[in-house]
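Notebook open, model loaded. I want to jot down what I looked up, one topic at a time.

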Amino acid sequence: MSFAATRQNGKKVPVTILTGFLGSGKTTLLNHILASPSHGMRFAIIENEFGEVGVDDQVIKETSEEQIIEVMNGCICCTVRGDLSLALKRLSAKISGFDGVIIETTGLADPAPVAQTFFVDDAIKCFYSLDGIITVVDAKHVLEHLREEKPEGVENECVEQVAFADRVLLNKCDLVDEKTIEEVQQAIRGINANADIIPTQYGNVEPSRLINIEAFSLENVLKMDPEFLNTDGEHQHDLTVSSVSVHFQGELNHQQLRMWLGDLIQDKAKNIFRYKGVLAVKGMDEKFVFQGVHMLFSGGFDGRFRWRRDEVRECRLVFIGRNLDKKALESAVMECRVERPLRFKVGDRVEANCEEWLPGTVIKLWDEGNPYRIRLANGEECWGPVDNDDFVRRPTASAVRAGQKRSSPWWDGETPGKKPWQARR
């Protein structure tokens, strides 16, 4: 079906731009919209990621099999802006069975040039209508980004995202108190007094408040920004902000990765804006999906995301932040890759670091993503999370109290009545 032929019914396809700073919760919101049965709509998705390696599209594809997904790497508001028009024109030949388009921009995008596409390209203008710009805001971190002073000539993307919003989704309200929420709302209204502010947690909002709202007004935008339709302007990013992507076929030790991430965000959280990944973990059929914003990390194995038999097991990680050391990040991730055989085998006697060194016997390899499961001499069981002498070693003549590691993620989430290092039975 040609681009022109699809316009015979005279109805334009509504487009929603979903924007918001890094880690605000855009992909969580998008997944919520796609999974909701309330709207009865089918969407085509354009997913834009700042890094060279896509992560979010992997998650969306797993949870939204019926959607058409176009993936664009780079900044949608500048370096790949022309690609947006091409992607929209490609979608026009497939979209007859869909009710709308959702564009999720990278967290560093200025939404104005994206919106501009729907008014300066005649072919796009005839086929699509811009329904609204939805900006997702992280209640815990947004004030820091709104107040950040940028070099001369460099836009504050977070401010631009709020300024052009038709709806502001004030997300992660569970992480702050009422006083902070009120302060954030005042800051938002100081930038954009006309946008509706919707407080929420985990992007959980009724889709009808965001989709098919016919909220975008070119007239109002031109009052705010008379140069909106000027296509000669350029969006200049802060050159100290970059992304580092790591992608390899193979598996890694997620416990070792989490310990390194714990140290990284402890030391450099202010400059690590966003980090996320989809990982193949040795010994696990489920994919390990994680994400983080500054000091806040979340991740785990999810039964919805499993490695198929015919699927290549691989790891994808992306870091976005200021003054990133690309080589150091890549090297640290690759240190977690599982390449060598384990030092011990089932039946070997060892000592395990359980607040003190305790003797035991290896009873299983790669148990729940841990290199070793060990039955201690006292009958209890523990995991050896990393295959090195900090955690599991050959028996010695005398037990010496172990030095507790600063990062001990396998001790997280203690169960009442259990010692923190015990393995689940």
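**Ground rules.** I am working from a predicted model, where local features need pLDDT of at least 70, side-chain atom pairs count only at pLDDT 80 or more, and totals for chains, interfaces and linings use all residues. Residues are numbered from 1 along each chain as its sequence is written, and side-chain values use heavy atoms, with hydrogens and water left out.

**Entry 1, helix H1.** I started with H1, residues 26-35. Helices here are DSSP runs of H or I with at least four residues, strands are runs of E with at least two, and both are numbered from the N terminus. H1 is mostly covered, with seven of its 10 residues buried. For burial I use relative accessible area: buried is under 20%, exposed is over 50%, and partly exposed is in between (1.4 Å probe, protein chains only). The buried set has Leu 29, Leu 30, Ile 33 and Leu 34, and also Lys 26, Thr 27 and Asn 31.

**Entry 2, the five-stranded sheet.** Next I traced an open sheet in the order E16-E15-E14-E13-E17, paired antiparallel. Strands E16 (381-384) and E17 (392-393) sit at the edges with a single partner strand each, so one side of each has no neighbour in the sheet. Two strands count as paired if DSSP finds at least two bridges between them. Strand E13 (residues 349-353) is joined to E14 by five bridges, and the two run antiparallel. I looked up one of the partners: Val 350 bridges to Gly 360 in E14.

My rule is a side-chain nitrogen of Lys or Arg within 4 Å of a carboxyl oxygen of Asp or Glu. By that rule I get 27 salt bridges.

I took a helix pair to begin with. Glu 219 bridges to Lys 223, with the closest N and O atoms 3.9 Å apart. Both lie in helix H9 (residues 218-224), four residues apart, which is about one turn of the helix. An α-helix has 3.6 residues a turn, so residues three or four places apart point the same way.

Then I went back to the strands. Arg 373 and Asp 367 meet in a salt bridge at 2.7 Å, N to O. Arg 373 is buried at 9%, and Asp 367 is buried at 6%. Glu 381 bridges to Arg 375, the closest N and O atoms being 3.0 Å apart. Here Glu 381 is buried at 6%, while Arg 375 is partly exposed at 40%. Through shared partners, salt bridges join Lys 364, Asp 367, Arg 373, Arg 375 and Glu 381 into one network.

Last, I checked two backbone angles. His 294 is buried, at 5% relative accessibility. Glu 368 is not a glycine either, and its phi is positive at about 50 degrees. Glu 368 sits in the loop between strand E14 (357-367) and strand E15 (370-376), and at 30% relative accessibility I log Glu 368 as partly exposed.
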